[in-house]
Amino acid sequence: MSMKSDIEIAQEAKLEKIVDVAGKIGIMPDDLELYGKYKAKISDEYMARIQDNPDGKLILVTAINPTPAGEGKTTTSVGLGQAFGRLGLRSIIALREPSLGPCFGIKGGAAGGGYAQVVPMEDLNLHFTGDFHAITSANNLLAAILDNHIQQGNELGIDTRQIVWKRCLDMNDRVLRNIVVGLGAKADGVVREDHFVITVASEIMAILCLASDLNDLKERLGKIIVAYNIKGEPVTASDLQAVGAMAALLKDAMKPNLIQTLEHTPALIHGGPFANIAHGCNSVRATKTALKMADYVITEAGFGADLGAEKFFDIKCRMAGLKPDAVVLVATIRALKYNGGIAKEELSAENLPALQAGIVNLEKHIENLHIYGVPIVVTLNSFVTDTQEEIAFVERFCQERNCAFAISRVWEMGGEGGTELASKVLETLEHKESHFQVLYEDSLSLQEKIETIASKIYGAGGVTYSAAALKQLQNLEKLGFGNLPVCMAKTQYSLSDDPVLLGRPAGFQMNVREAYVSAGAGFVVVLTGTVMTMPGLPKKPAAYQIDVDEDGRITGLF
């Protein structure tokens, strides 16, 4: 029997009205702002009312480095939430919103898979409730105000060669990476080089996801550095008087979105910074609201634990005062064999030597997570090609490293296939205490922070810096940004900054090529390797397969 596609499963599902899903966890219809029958935003009044509720347990789902063989991190997050529901426990999933760029590009949709999905998946993957459009508009309003200020006499003395604010678009569009604006007549603006980033890489996305409320949002927006003046001093969004209008555009986008899983588990889906460029976590507001609404909150951080979990802990938890209670680390036997040097076409055959060679990737992620003091459950996302010997080998490996272990079959069986994992998580929460700590202190210099992450988390032997990066870091320290955490922009495919180094590379030199501050978000972005802040489309984009029929039914999303 062939398995149905994700979109077929999603479209055949019987959705409950969102007011009924909300009602099960005590949210009244008046506490929702409805976007049709199956989507809603949570009202500010409701969020204020539940502030004194005790916090539930926070469970982070992360993974080994992604491979073409697939890991299923979101699928596991969704399935685990459904499994808690089957066990009669009050749980909520708190995830990121997908970006249109990857959806039409190479990755397809991002709503889980099989029988562990959030729905309506077409809405979620396309315009959803307009949050990303609001972020794009606020970003580009600031760009327009900046260029207009220069055109109208440049009172702030902005150096047009030192403009750092970029325009954005939620689309993979490589020709916009480096452009020239202001061509034409004198009235058409000042000619200068400009750039676009994808919306999920915009600082406004990071700000929205880290802001605790509207006042905090406005304060952070005001700190955005858009350019430097002739004297080399920062010019901010506040200097350009852009804050109020930007906040007005973001007012509704600040409210978390409520939808459901295939088994009607509530899901708060809000914000979506890229994990290899930005900090890769859903909004602080959604996570904190979820903790007041449920006994168990399952959230995830993007890509492998070297990027996602590190940024979740060192940026999001540090800023928001969150203390995770357990971590679920997702792996697949196929991905571990791929890390052991086996070609994608040969992953279905049993191969214990390859598994043994590739499991070092899992080992490094386990060691890294132990540094943070949070108890770990390793879960193997099950494939029919996995053999008993291979599974037993991984289980032994995990137990020897003080990790609980569970098989997850949520893709094929939904919540029922996640009850073993849910039980292991509950057992871990009961018997193992979390002693969460961040990796580094705020007081370290920016270079010390970079080197701590590179050596302890990635396994680098050292860090090399381009001359430009060294100068930028020194300048940022001088401007008073040295106490901020660092957000490493690095390839997701390897623990190193070289995407082809699989397994557990060691002793390599990590190359830092650029650094800049996201002063509103509150971190310094450090670029390594060739991470793109505006991706391009592949030769055959996923967009080729997407269509809509005369009844308005969308096909080709996956």
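Is Phe558 buried, partly exposed or exposed? In this predicted model, Phe558 counts as partly exposed, at 43% relative accessibility. The residue is found in the segment after β25, a strand that spans residues 554-555. Ile546 is 12 residues away from Phe558 along the chain, and the C-alpha atoms of the two are separated by 9.3 Å.

An open sheet is formed by 4 strands in the order β20-β22-β23-β21, with mixed pairing. Strands β20 (462-465) and β21 stand at the edges with a single partner strand each, so one side of each is left without a neighbour in the sheet. From one strand to the next, the twist averages 40°. Strands of a sheet pair through backbone hydrogen bonds, in either a parallel or an antiparallel arrangement.

Helix α19 (residues 467-478) lies across β20, β22 and β23, and runs at about 40° to β22.

A further open sheet consists of 3 strands in the order β7-β12-β13, with antiparallel pairing. Its edge strands are β7 (158-163) and β13 (234-236), each of which pairs on one side only. The twist in this sheet averages 50° from one strand to the next. Between β7 and strand β12 (residues 225-229), the antiparallel pairing extends over 2 bridges. In this pairing, Ile163 stands opposite Ala227 of β12. Helix α7 packs on the sheet, where it touches β7 and β12, and its direction makes about 135° with that of β7.

Helix α7 (residues 131-151) also packs against helix α10 (residues 243-250), with the axes 8 Å apart and an angle of about 165° between them. This angle makes α7 roughly antiparallel to α10, since angles over 145 degrees count as roughly antiparallel. The crossing of α7 past α10 is right-handed. On the α7 side, the contact is made by Ala134, Ile135, Ser137, Ala138, Leu141 and Leu142, and on the α10 side by Ala245, Met246, Leu249 and Leu250. By residue type, the contact comprises 9 nonpolar residues, 1 polar residue and no charged residues.

The loop between α10 and β14 (257-261) contains Lys255. Lys255 is classed as buried because its relative accessible area is 7%, below the 20% limit for that class. Apart from residues up to four places away in sequence, Lys255 touches Glu33, Lys41, Ile42, Asp44, Met47, His270 and Arg285.

Another helix pair is formed by α14 (residues 352-371) and α15 (residues 388-399), whose axes come within 11 Å and cross at roughly 35°. Helix α14 passes α15 in a right-handed crossing. The residues that meet are Leu352, Leu355, Gln356, Ile359, Leu362 and Glu363 in α14, and Glu389, Glu390, Phe393, Val394, Phe397 and Cys398 in α15. This contact is made up of 8 nonpolar, 1 polar and 3 charged residues.

Leu352, located in helix α14, is partly exposed, with a relative accessible area of 30%. When neighbours within four places in sequence are left aside, Leu352 is in contact with Glu389, Glu390 and Phe393. Leu352 and Gly536 are 184 residues apart in sequence, and their C-alpha atoms are 37 Å apart in space.

Definitions and conventions: Residues are numbered from 1 along each chain as its sequence is written. This is a predicted model: local features need pLDDT of at least 70, side-chain atom pairs count only at pLDDT 80 or more; totals for chains, interfaces and linings use all residues. Side-chain values use heavy atoms; hydrogens and water are left out. Axes are lines fitted to C-alpha atoms, for helices over the stretch in contact, and angles run from 0 to 180 degrees between N-to-C directions. Angles under 35 degrees count as roughly parallel, over 145 as roughly antiparallel, 65 to 115 as roughly perpendicular and the rest as oblique. A crossing is left-handed if the near helix is turned anticlockwise from the far one by less than a right angle, and right-handed if clockwise. Contact means heavy atoms within 4.5 Å. Ala, Val, Leu, Ile, Met, Phe, Trp, Tyr, Cys and Pro count as nonpolar, Asp, Glu, Lys and Arg as charged, and the others, Gly among them, as polar. Buried means under 20% relative accessible area, exposed over 50%, partly exposed in between (1.4 Å probe, protein chains only). Two strands pair if DSSP finds at least two bridges between them.
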